[in-house]
Amino acid sequence: NLKHLMKNGGVKAIEKVNNEKAAMLYNEIDQNPNFEGTTAVEDRSNMNVTFKLTDESKKEAFDKLWNDANIVGLKGHRSVGGYRASMYNALGLDSVKALVEVMKSL
(Lines give C-alpha, C1' and ligand atoms only; values in the text may rest on other atoms or scores of the structure.)
Protein backbone atom coordinates (compact mmCIF):
# COMPACT_ATOMS: atom_id res chain seq x y z
CA ASN A 1 0.00 0.00 0.00
CA LEU A 2 2.82 2.41 0.88
CA LYS A 3 4.60 1.66 -2.42
CA HIS A 4 1.37 2.37 -4.31
CA LEU A 5 0.93 5.64 -2.42
CA MET A 6 4.45 6.83 -3.12
CA LYS A 7 4.30 5.75 -6.78
CA ASN A 8 1.15 7.85 -7.21
CA GLY A 9 2.32 11.12 -5.69
CA GLY A 10 2.10 10.51 -1.97
CA VAL A 11 -0.65 11.11 0.56
CA LYS A 12 -1.66 14.58 -0.69
CA ALA A 13 -2.05 13.37 -4.29
CA ILE A 14 -4.10 10.32 -3.27
CA GLU A 15 -6.23 12.48 -1.00
CA LYS A 16 -7.02 14.79 -3.93
CA VAL A 17 -8.06 11.87 -6.14
CA ASN A 18 -10.11 10.32 -3.32
CA ASN A 19 -11.94 13.62 -2.80
CA GLU A 20 -12.65 13.82 -6.55
CA LYS A 21 -14.00 10.26 -6.61
CA ALA A 22 -16.29 10.87 -3.65
CA ALA A 23 -17.52 14.22 -4.99
CA MET A 24 -18.28 12.70 -8.39
CA LEU A 25 -20.32 9.83 -6.95
CA TYR A 26 -22.15 11.89 -4.31
CA ASN A 27 -22.99 14.50 -6.94
CA GLU A 28 -24.66 11.84 -9.06
CA ILE A 29 -26.54 10.39 -6.08
CA ASP A 30 -27.74 13.85 -5.07
CA GLN A 31 -28.79 14.92 -8.58
CA ASN A 32 -30.18 11.69 -10.01
CA PRO A 33 -33.80 11.11 -8.94
CA ASN A 34 -33.28 7.33 -9.19
CA PHE A 35 -30.91 7.29 -6.20
CA GLU A 36 -30.66 8.50 -2.64
CA GLY A 37 -27.85 8.42 -0.12
CA THR A 38 -28.24 6.47 3.08
CA THR A 39 -25.97 8.68 5.19
CA ALA A 40 -26.43 12.24 6.38
CA VAL A 41 -24.33 14.67 4.32
CA GLU A 42 -22.16 15.60 7.31
CA ASP A 43 -21.38 11.92 7.99
CA ARG A 44 -20.48 10.82 4.45
CA SER A 45 -17.39 8.74 3.85
CA ASN A 46 -14.97 9.22 0.98
CA MET A 47 -14.12 5.53 1.03
CA ASN A 48 -17.46 3.72 1.34
CA VAL A 49 -20.45 5.33 -0.33
CA THR A 50 -23.82 3.80 0.47
CA PHE A 51 -26.91 4.54 -1.57
CA LYS A 52 -30.17 2.98 -2.68
CA LEU A 53 -32.73 3.21 -5.42
CA THR A 54 -35.70 5.49 -4.88
CA ASP A 55 -37.83 2.95 -6.77
CA GLU A 56 -37.06 -0.70 -5.98
CA SER A 57 -38.83 -1.80 -9.17
CA LYS A 58 -35.69 -0.58 -11.02
CA LYS A 59 -33.38 -2.91 -9.09
CA GLU A 60 -33.24 -5.61 -11.74
CA ALA A 61 -32.49 -3.09 -14.50
CA PHE A 62 -29.80 -1.31 -12.46
CA ASP A 63 -28.19 -4.57 -11.38
CA LYS A 64 -28.00 -5.66 -15.01
CA LEU A 65 -26.48 -2.34 -16.06
CA TRP A 66 -23.64 -2.39 -13.54
CA ASN A 67 -22.98 -6.09 -14.04
CA ASP A 68 -22.87 -5.64 -17.84
CA ALA A 69 -20.38 -2.81 -17.31
CA ASN A 70 -18.13 -5.26 -15.40
CA ILE A 71 -18.52 -3.33 -12.16
CA VAL A 72 -18.07 -5.55 -9.12
CA GLY A 73 -18.53 -5.19 -5.41
CA LEU A 74 -21.65 -3.03 -5.23
CA LYS A 75 -23.34 -5.33 -2.77
CA GLY A 76 -25.32 -3.46 -0.19
CA HIS A 77 -24.06 -2.55 3.22
CA ARG A 78 -25.06 -5.12 5.85
CA SER A 79 -26.91 -2.59 8.00
CA VAL A 80 -28.41 -0.19 5.41
CA GLY A 81 -28.94 -2.43 2.38
CA GLY A 82 -29.01 -0.85 -1.05
CA TYR A 83 -25.57 -0.51 -2.63
CA ARG A 84 -22.09 0.24 -1.36
CA ALA A 85 -19.29 1.50 -3.56
CA SER A 86 -15.92 1.03 -1.90
CA MET A 87 -13.41 3.52 -3.28
CA TYR A 88 -10.13 2.68 -1.63
CA ASN A 89 -6.85 4.31 -2.63
CA ALA A 90 -6.04 1.87 -5.45
CA LEU A 91 -9.39 2.38 -7.21
CA GLY A 92 -8.91 4.74 -10.11
CA LEU A 93 -11.03 7.74 -11.03
CA ASP A 94 -12.07 5.97 -14.25
CA SER A 95 -13.79 3.26 -12.23
CA VAL A 96 -15.98 5.81 -10.48
CA LYS A 97 -16.67 7.52 -13.82
CA ALA A 98 -17.87 4.15 -15.16
CA LEU A 99 -20.29 3.73 -12.24
CA VAL A 100 -21.61 7.27 -12.64
CA GLU A 101 -22.23 6.67 -16.37
CA VAL A 102 -24.19 3.52 -15.51
CA MET A 103 -26.22 5.45 -12.94
CA LYS A 104 -26.98 8.15 -15.51
CA SER A 105 -28.21 5.55 -17.99
CA LEU A 106 -30.85 4.09 -15.64
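**View 1. Helix H4 gives the largest pocket of this predicted model the largest share of its lining.** Four residues of the lining come from H4, and both strand S3 (83–86) and H4 supply at least two. The pocket holds about 200 Å³ of space. Among its 13 lining residues, Ile-71, Val-72, Ser-86, Leu-91 and Ser-95 are the closest to the centre.

View 2. The axes of H3 (residues 59–68) and H4 (residues 93–105) come within 10 Å and cross at roughly 145°. From H3, the contact is made by Phe-62, Leu-65 and Trp-66; H4 answers with Leu-99, Val-102, Met-103 and Ser-105. Six of these contact residues are nonpolar, one is polar and none is charged.

**View 3. Three strands form an open sheet in the order S1-S2-S3, with antiparallel pairing.** Strand S1 (35–37) and S3 are the edge strands, each pairing on one side only. On average, neighbouring strands are turned by 35° against each other, direction ignored.

**View 4. Zooming in on the sheet, we find S1 paired with S2 and a helix packed on the strands.** Three bridges join S1 and strand S2 (residues 48–53) in the antiparallel sense, and Glu-36 stands opposite Lys-52 in S2. Helix H2 (residues 10–31) packs on the sheet and touches S1, S2 and S3. The direction of H2 makes about 20° with that of S2.

Technical notes. Residues numbered from 1 in each chain as written. Predicted model: local features only at pLDDT ≥ 70, side-chain atom pairs only at ≥ 80, totals over all residues. Heavy atoms only, no water. Axes fitted to C-alpha atoms, helices over the stretch in contact; angles between N-to-C directions. Contact = heavy atoms within 4.5 Å. Nonpolar A, V, L, I, M, F, W, Y, C, P; charged D, E, K, R; others polar. 1 Å grid on protein atoms, 1.4 Å probe; cavity = no way out; pocket = protein on both sides within 12 Å on 5 of 7 lines; lining within 4 Å. Points joined across faces, edges and corners; volume = space filled by probe spheres on them. Pairing = 2+ DSSP bridges.
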